[in-house]
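I opened the model to look up a few local details. My entries follow in the order in which I made them.

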Amino acid sequence: MKKLINAPDAVVRDALRGLALAHPGLAVDLENQVVTRAALTPGKVGLVSGGGSGHEPLHAGFVGYGMLDAACPGEIFTSPVPDQLIEATKAADQGAGVLHIVKNYTGDVLNFEMAAELCAEEGIEVASVLVDDDVAVEDSLYTAGRRGTGATLFVEKIAGALAETGAPLAKVAAVAELVGARSRSFGVALTSCTVPAAGKPTFDLPEDQVEVGIGIHGEPGRRRVPLASARELAEVAMDAVHGDLPLEGELLVLVNGMGGTPLIELYGVFAEVAAYVKGKGATITRSLVGNYVTSLDMQGFSVTVCRLDDDLTRLWDAPVSTPGLRWGR
Amino acid sequence: MKKLINAPDAVVRDALRGLALAHPGLAVDLENQVVTRAALTPGKVGLVSGGGSGHEPLHAGFVGYGMLDAACPGEIFTSPVPDQLIEATKAADQGAGVLHIVKNYTGDVLNFEMAAELCAEEGIEVASVLVDDDVAVEDSLYTAGRRGTGATLFVEKIAGALAETGAPLAKVAAVAELVGARSRSFGVALTSCTVPAAGKPTFDLPEDQVEVGIGIHGEPGRRRVPLASARELAEVAMDAVHGDLPLEGELLVLVNGMGGTPLIELYGVFAEVAAYVKGKGATITRSLVGNYVTSLDMQGFSVTVCRLDDDLTRLWDAPVSTPGLRWGR
Amino acid sequence: MAAGAWLKECARVVAAERERLTGLDAAIGDADHGANLDRGFQAIVAELDLGDEAEPGAQLVAAGSLLIRRVGGASGPLYGSALRSMGKALSQGADLSTALEQAVEAVEKLGKAVEGDKTMVDALRPAANAMALAVQEGIGVREALDRAARAAEEGAAATTPMRARKGRASYLGERSEGHRDPGATSAALLIRALAATW
Amino acid sequence: MAAGAWLKECARVVAAERERLTGLDAAIGDADHGANLDRGFQAIVAELDLGDEAEPGAQLVAAGSLLIRRVGGASGPLYGSALRSMGKALSQGADLSTALEQAVEAVEKLGKAVEGDKTMVDALRPAANAMALAVQEGIGVREALDRAARAAEEGAAATTPMRARKGRASYLGERSEGHRDPGATSAALLIRALAATW
Ligand SMILES: Nc1ncnc2c1ncn2[C@@H]1O[C@H](COP(=O)(O)OP(=O)(O)O)[C@@H](O)[C@H]1O
Ligand SMILES: Nc1ncnc2c1ncn2[C@@H]1O[C@H](COP(=O)(O)OP(=O)(O)O)[C@@H](O)[C@H]1O
Ligand SMILES: [Mg+2]
Ligand SMILES: [Mg+2]
Ligand SMILES: [Mg+2]
Ligand SMILES: [Mg+2]
């Protein structure tokens, strides 16, 4: 394992130290691993998210004006514990309640639920939205359901923008639900990631094969296929998305790198995704290309598509100022 | 070689197609590989840069308000040809002359010089600034001199901000020179990059070794040392920088990933760099952490330090709106 | 009854099997199960009073709470709730078999998993059943615990051919078949540790 | 005199040796020299009239201009200028030896490199010198060209132990020693092609 780290069990802490030093707009509680905005906005609905580390800039990199109020990074690929989430929720409560944005994984769900219960007991109004956009996973009563991946960024941005307008918790939760319901993702891995504590790649992938339908935790995908061109791999991903939620109207598209894929390749993939969308008669009106919802050092990409409407577009365009996403101020 | 591409010789073109589709604020001439702002500002000094592709978001990702007016991406790691640069210079000439921002490599220097000569013959006022910040390379009359690396971003941002105020060419060139003169860089590679046309890693690096003093083209570094902690590697880099330009006063620091290194590791490195700077009695007042001046899929980092003054800080803070760097608007 | 000894033995076994558990999780999950449990049980050993004087029920409640506070992931809340339920039952005077039943029910309730879903329940449920049956048959607690541990081990081994329906492994669909579940494996280790120390 | 035949032979040889040139550049440069030259010479073959009727000087000027317009990097302007200077000299009635001298001087002037810097000059300068000497000695042009090609090949081989002082390889300092220079290697190929076709 070759990593720029001090020690496997110091990775998260060290990164948080760096985050704190690089971004004076954030308040970082290193002890409890809670990242909050340095300046809060009384009366605003608070947005809290969190999850295992290893997906940077998600979530801590999305704390700031127009997105989250607080984030809880867990250990690598391990959901945060209730204590962290409780502290973050209390910090983010500015008198109008708090929305928990939860990616649909058993661990995240259990820990957020425990925290929400305890916060409710302490009198904080908490609503939760479950993000489950990954069409690679069968959504059935007999499974853990779909994973939450790239759509989390959309939910955090758009719900964050609405919260900034002073909207009440119910409305913020509703738009978060709406964004999730209108979003779908699919991912492809060229290489496995390496979890620092494990010290070796999570899975072995021959030079001529790719994993299709991967998540963001180094989970193997649904199947392996021969390495193919960017165009063919983009088609595999888009077929899966389109098969689940037909591409129609105005779309927000994220072509996301898994952490180890350079921008030059992601732009190439975006060109193919755009051609695919055009072929279906839909239009990409907003887009994002880059490493946003990552899986440590994995090479690969995911595509997330959200069907926009005028309100969602306006909220997407609204100013945002976080370490990982910034425009308009 | 595992890459998200259609074909080795289509990589640059495909990425430019994606760039054009993702950023309506850019005008992309796919035929000539020239990227310009869609809307120019009559009377403003034009800023043109360019260089081999493979360093994304540099340079095309820095075209936009507050930075470049045009960029010329060459083939992978191959400087652009004079024709491209001439077209870009003409496009960027808004009546107040054009500044060429050139990274110090033989190929870039020769091609920019040819272009500048021809543009001058056609009556366009052209000034050039040579960026040569990499202290890993001996700066001597008997070598090609220092390489231009991370400081290019600083030069483009700060000169771009000054140009936006309507300053004349001489002043814009002078501030560009100043930023270059006050900046130093040093890089470390954990892995080699793979040039698509070459199909295999440029150099072999054993699992337990790193290359120290690398550039941004997969050139091997000055020496190999055993893989060490983030702290030790940051120290190696900072010792080299500090040995050349003592760390003093207020600093702008870029901790830059080489393309394949995830953000979680870069923040860890930033924490070590910050500790080092503090130990020297200097202060990091502005910083940037991320993959900005990359070397395809290489894993590793570089640090670039610039000694700020009040003017430079103000220009750094000024609004910028490009695909790769954005704040304030 | 020595809850402290059990917890210490759990910590020892989990540390020793850490790599293996993480390796199993790498195959059908996210390669952290060993690290997760190790973090939790090391905290228990380091931070709790595991002496013989303390009340076992209270010790288990404290240990469960600490797992919840330190582990995260799916296994933190699940094992944490299990220990808390077990401890509460013991404190209220329940026998070990009943307490184990409570622990397993807590996992089932929280995780909504049943036997055959390829989770820790596939080790825990047979263990609780075997223990209850043995007690019913009038068998002594040591022997009953040994049967429980064996049932857990068999249950864990039986997860290999299963297709996962809960947790991260469920994302793999049929590709989850042929791999032993990490949580069932750790559950068998913890029950075996119980049999060895109680 | 058949500039077209030479250029076609250059294209053939560069395509055949593309991997090797890129490999040499990977060791002490950026792994693109073969790709760069191949792109340039393929363009020459595809886009220029390389027939025997055309004026050789004009053909070489056109070929040099195309290299400058298509290759980029260090070698594009250097080889491009070389062919342009050579063509201009031929158009002005110079003999091949003088034209080759002009070509080499163009490279030296633009690249500011001298023999021993571990660049293409280490192949080109000896070639021009050997040719001039042979002509001075009254030796026929074919034999003179063969001597030039051999001098270039020896010069290229001699770059291996050198420490680079120009171009990308200079960044490596002493680590550039022990590797043959890609540009000197390609230069020797081009001069050999000249000897084979002129
Ligand atoms: N819904 C569930 N019910 C019971 N056990 C579960 C459930 N989901 C997961 N598990 C158990 O948790 C184990 C994984 O634990 P761990 O790797 O620590 O957490 P995570 O999956 O969050 O990374 C699985 O092997 C499985 O036995
Ligand atoms: N200043 C120079 N003068 C003469 N030749 C040079 C000079 N710099 C580089 N070269 C030659 O160019 C070759 C590299 O060409 P190429 O790889 O195509 O360009 P780049 O170095 O820009 O990638 C070197 O091997 C060397 O022979
Ligand atoms: Mg986990
Ligand atoms: Mg090059
Ligand atoms: Mg796990
Ligand atoms: Mg080269």
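Predicted model: local features only at pLDDT ≥ 70, side-chain atom pairs only at ≥ 80, totals over all residues.

**Entry 1.** D:Asp25 has a relative accessible area of 8% and so counts as buried (buried is under 20% relative accessible area, exposed over 50%, partly exposed in between, with a 1.4 Å probe and protein chains only). D:Asp32 is buried as well, at 6%.

D:Asp25 (OD), D:Asp30 (OD) and D:Asp32 (OD) coordinate the magnesium ion (ligand 6) at 2.0 to 2.1 Å. Donors here are N, O and S atoms within 2.8 Å of the metal (3.2 Å for Na, K and Ca), and water is not among the atoms, so a site may look incomplete. The spacing of the donors along the chain is D-x4-D-x1-D. D:Asp30 also bridges to the magnesium ion (ligand 4), which lies 3.5 Å from the magnesium ion (ligand 6).

**Entry 2.** I turned to chain C. The magnesium ion (ligand 5) has C:Asp25 (OD), C:Asp30 (OD) and C:Asp32 (OD) as protein donors, 2.0 to 2.2 Å away. Their spacing reads D-x4-D-x1-D. C:Asp30 coordinates both this ion and the magnesium ion (ligand 3), and the two ions are 3.5 Å apart. I found C:Asp25 buried at 8% relative accessibility and C:Asp32 buried at 7%.

**Entry 3.** I checked D:Ser170. Where does D:Ser170 sit in chain D? I found it in the loop between helix H7 (141-157) and helix H8 (182-197); helices are DSSP runs (H or I, at least four residues), numbered from the N terminus. D:Ser170 is buried, with a relative accessible area of 4%. A polar atom of its side chain lies 2.7 Å from the backbone oxygen of D:Gly167. Apart from neighbours within four places in sequence, D:Ser170 is in contact (heavy atoms within 4.5 Å) with D:Ala164 and D:Arg165, and with B:Thr143 and B:Ala144 of chain B.

**Entry 4.** I looked at a helix pair in chain B. H4 (residues 151-164) and H8 (residues 310-317) pack at about 90°, with axes 8 Å apart. That makes H4(B) and H8(B) roughly perpendicular (angles of 65 to 115 degrees). From H4(B), residues including B:Phe154, B:Ile158 and B:Leu162 meet B:Leu312, B:Leu315 and B:Trp316 of H8(B). The residues of this contact are eight nonpolar, no polar and one charged.

**Entry 5.** I noted the conventions. Residues are numbered from 1 along each chain as written, and chains are lettered from A and ligands numbered from 1 in written order. Local features need pLDDT of at least 70, side-chain atom pairs count only at pLDDT 80 or more, totals for chains, interfaces and linings use all residues, and side-chain values use heavy atoms, without hydrogens and water.

Notes. Axes fitted to C-alpha atoms, helices over the stretch in contact; angles between N-to-C directions. Helix = DSSP H or I, 4+ residues; strand = E, 2+ residues; numbered from the N terminus. Parallel < 35°, antiparallel > 145°, perpendicular 65-115°, else oblique. Nonpolar A, V, L, I, M, F, W, Y, C, P; charged D, E, K, R; others polar. Polar contact = N/O pair within 3.5 Å; in protein donor to acceptor, adjacent residues only side chain to side chain.
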